[in-house]
Amino acid sequence: MESFIFVLEIIGTIAFASSGAMVAIEKKMDIFGVNILGATTAVGGGIMRDFILGLTPPTAFAKPVYILFAVATSTLLFFIVYINPDIIHSKIKCKYYDRIMLWCDTVGLGIFTVLGVQTASKFVRENMFFFVFIGVLTGVGGGVLRDIMARETPYILVKQIYACASIVGGIVFVLCQRTSMTNMTAMLLGMAVTVIIRSMAAHYNWNLLRIH
């Protein structure tokens, strides 16, 4: 189970780091800024989670492998664009960039939502609200920090259904945990629900009510 969780953490870290790094590249930040934004997006939600749970130092610092993966991913993307800057404005970029970034954000959201719930359940017993809150914070926290640092309105406040997908996925995971279902299966179901809702919201442009 620990190996399974570690693999999920690495996949989520790479996905979110890619998202943060590409935002930084579009904002024309230097290589340091690209790495900072990539790493912040990847581990920011987990750091917030750990502070609330009283875990010091946060896992991102106690086990720097996550930051190393985030930095390696960000640096790789920086040099890919640095060597071929036209890729940012190419037809290929216009066609695939938004789709790739959507999937990076969506996969990261699904993974870190259930990992947040899983971590919270080790410290508190039978508190669905707390579990889901920590799951959502872990899933969206890094993205919120990314957007604030990039001087953008946080994605979760304006763009389609995002945090709500995390909420539903977290609830599904908690409910599945209370059955005879294995923890791994419950995590996969929670992730799947989050990813499916988020993907469908992006595809069909679902948004919450707002005042126009």
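This is a predicted model: local features need pLDDT of at least 70, side-chain atom pairs count only at pLDDT 80 or more; totals for chains, interfaces and linings use all residues.
Now, on to how some of the helices pack. Two packed helices are described by the angle between their axes and the distance between the axes. Take H1, residues 2-26, and H2, residues 31-53: their axes come within 7 Å and cross at roughly 140°. H1 and H2 are therefore oblique to each other, since the cut-off for roughly antiparallel is over 145 degrees. The crossing of H1 and H2 is right-handed.

Who's doing the touching there? On the H1 side you'll find Thr-13, Phe-16, Ala-17, Gly-20, Ala-21, Val-23, Ala-24 and Ile-25, and they meet Gly-33, Val-34, Leu-37, Gly-38, Thr-41 and Ala-42 of H2. Sort that H1 and H2 contact by class and you get 9 nonpolar residues, 5 polar ones and no charged ones.

Is Thr-13 buried or exposed? Its relative accessibility is 2%, so Thr-13 counts as buried. Setting aside neighbours within four places in sequence, Thr-13 is in contact with Ala-42, Tyr-66, Phe-69, Ala-70 and Phe-112. And look at Val-43: it is 30 residues from Thr-13 along the chain, yet their C-alpha atoms are separated by 7.1 Å.

Next pair: H2 and H4. These two pack at an angle of about 135°, with axes 8 Å apart. That angle makes H2 oblique to H4. Here too we have a right-handed crossing, with H2 passing H4. From H2, the contact uses Ile-31, Val-34, Asn-35, Gly-38, Ala-39, Ala-42 and Val-43, while H4 brings Tyr-66, Ile-67, Ala-70, Val-71, Ser-74, Thr-75, Phe-78 and Phe-79. By class, the residues where H2 meets H4 divide into 11 nonpolar, 4 polar and no charged.

Last stop: the loops, where a few backbone details turn up. Which peptide bond is cis? It's the one from Thr-56 to Pro-57, with omega near -5°. You'll find Pro-57 in the loop between H2 and helix H3.

Then there's Lys-28, in the loop between H1 and H2. Lys-28 isn't a glycine, but it has a positive phi of about 60°. With a relative accessible area of 71%, Lys-28 is exposed.

Glu-126 lies in the loop between H5 and H6. Its phi is near 50°, again a positive value in a residue other than glycine. Glu-126 counts as exposed, because its relative accessibility is 62%.

That's my tour. If you'd like to look at one spot yourself, go to Thr-13: it's buried, and it's one of the H1 residues that meet H2.

Conventions:
Residues are numbered from 1 along each chain as its sequence is written. Side-chain values use heavy atoms; hydrogens and water are left out. Axes are lines fitted to C-alpha atoms, for helices over the stretch in contact, and angles run from 0 to 180 degrees between N-to-C directions. Helices (H or I, at least four residues) and strands (E, at least two) are DSSP runs, numbered from the N terminus. Angles under 35 degrees count as roughly parallel, over 145 as roughly antiparallel, 65 to 115 as roughly perpendicular and the rest as oblique. A crossing is left-handed if the near helix is turned anticlockwise from the far one by less than a right angle, and right-handed if clockwise. Contact means heavy atoms within 4.5 Å. Ala, Val, Leu, Ile, Met, Phe, Trp, Tyr, Cys and Pro count as nonpolar, Asp, Glu, Lys and Arg as charged, and the others, Gly among them, as polar. Buried means under 20% relative accessible area, exposed over 50%, partly exposed in between (1.4 Å probe, protein chains only).
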